[in-house]
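Hello,

Here is the structure I promised to pass on. Please open it first, then read my notes below.

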Amino acid sequence: MTLSRPLRLILTLLLAFAVAACSSTGGRKKGGYYKDDGPDANPPSNLDQIPDAVPKIEPYASGANRPYVVFGQRYVPDTSGQPYKKRGIASWYGKKFHGNSTSIGETYDMYAMTAAHTTLPLPSYARVTSMVNGKTVVVRVNDRGPFHSDRIMDLSYAAAHKLGIVGPGSGQVVVEAIPPDEIRRLASQGAPAAAPEPESATGSMPVPSPIAAVPAPLTAQPLTAPAPGSAPVRQAPAAGLGNVYLQVGAFSQPANAQSLVSRINTQLGTAGAPPALMEQSNNLYRVKIGPYPDRQSALDAVQLVSERIGILPSIAAQ
């Protein structure tokens, strides 16, 4: 059956709106964000302490890196690993899309260090530098957008906050892709691709999709190995164990934090490492490993944790 031209146009527009989840064309409000979007009513108080995304080699998402058309414009994602550096305007997207799926099926967390781009590979990593104040962040690109000719990137609320563009809604930036070769080189040298955060920083990581998990009490006590089929049990640390932890993530959704706790305990369980735990504080759910007897013991464990779970942890005293 041959579709009429108006019907083909309608179907094309519907597809475009489905793909362009973060490209709302409603009028902008004061502050630069779009109608029905904006900051949460009670954002975490320590957004400045959320560390950059830590680049790592990841397989490209199936189907999300093929050429596509939105609003009549054809986009061809570049998976060749060629250098990318471009100056333009970055904007941000917030509560309207918080909890929705990104283009690769992950859950969008406005408090994670992520971004949307039209042609960078998904997932990939990029450095974003403000041309106004010189601040730089590293983000994980896990979504498509923004589909506006005057903008080159949509940042998460957390990334936009750290760059100082939440208030104005957008700002001039330079976006530079971090290619796989650079990530491998830095990994071989034992150096992170982003500058290390201070010890008091809130750990963060790319947000995994939530999985079914047994809710655990939100206390800062370590997990003990649960019996098969039972919920995790938390116990007070034994005397002399210390109060130094490795922090590996901070999430606004408890399901994401619990998912990471489960993954860490599975991957580190055979290595003799202390268990992971989930702790709630200031509207964030932090994931920590510990306790370690002292700071040096925690530092000695950083490389093992990084190699096993692919996340560079930071030191955090309880």
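**What I found**

Of the 318 residues in the protein chain, 47% are buried. Keep in mind that this is a predicted model. The chain holds 5 helices and 14 strands. Its exposed surface comes to about 15,100 Å², and carbon and sulfur atoms supply 54% of that.

How far apart in sequence are the residues that touch? Take the contacts with a separation of 6 or more: 76% of them join residues 24 or more positions apart.

Now look inside. In soluble globular proteins, nonpolar side chains tend to be buried together. The largest nonpolar core here has 41 residues. Those touching the most other members are Met 113, Leu 120, Val 128, Val 139, Met 153, Leu 155 and Val 175. Several elements each supply at least two residues of this core, including strand S3 (85-93), strand S5 (124-130) and strand S8 (170-178). Helix H2 (157-163) is also one of them. H2 gives the most, with 5 residues.

Pick out Val 175 next.

Finally, find Arg 127 in strand S5. Which side chain does Arg 127 join through a polar contact of 2.7 Å? The partner is Glu 182. Arg 127 and Ile 178 are 51 residues apart along the chain, yet their C-alpha atoms are separated by 6.9 Å.

Best wishes

Conventions. Residues numbered from 1 in each chain as written. Predicted model: local features only at pLDDT ≥ 70, side-chain atom pairs only at ≥ 80, totals over all residues. Heavy atoms only, no water. Helix = DSSP H or I, 4+ residues; strand = E, 2+ residues; numbered from the N terminus. Buried < 20%, exposed > 50% of the residue type's maximum accessible area, 1.4 Å probe, protein only. Contact = heavy atoms within 4.5 Å. Areas by Shrake-Rupley, 256 points an atom, 1.4 Å probe, with all protein chains shown as cover. Core = buried A, V, L, I, M, F, W, Y, C linked by side-chain atoms within 4.5 Å. Polar contact = N/O pair within 3.5 Å; in protein donor to acceptor, adjacent residues only side chain to side chain.
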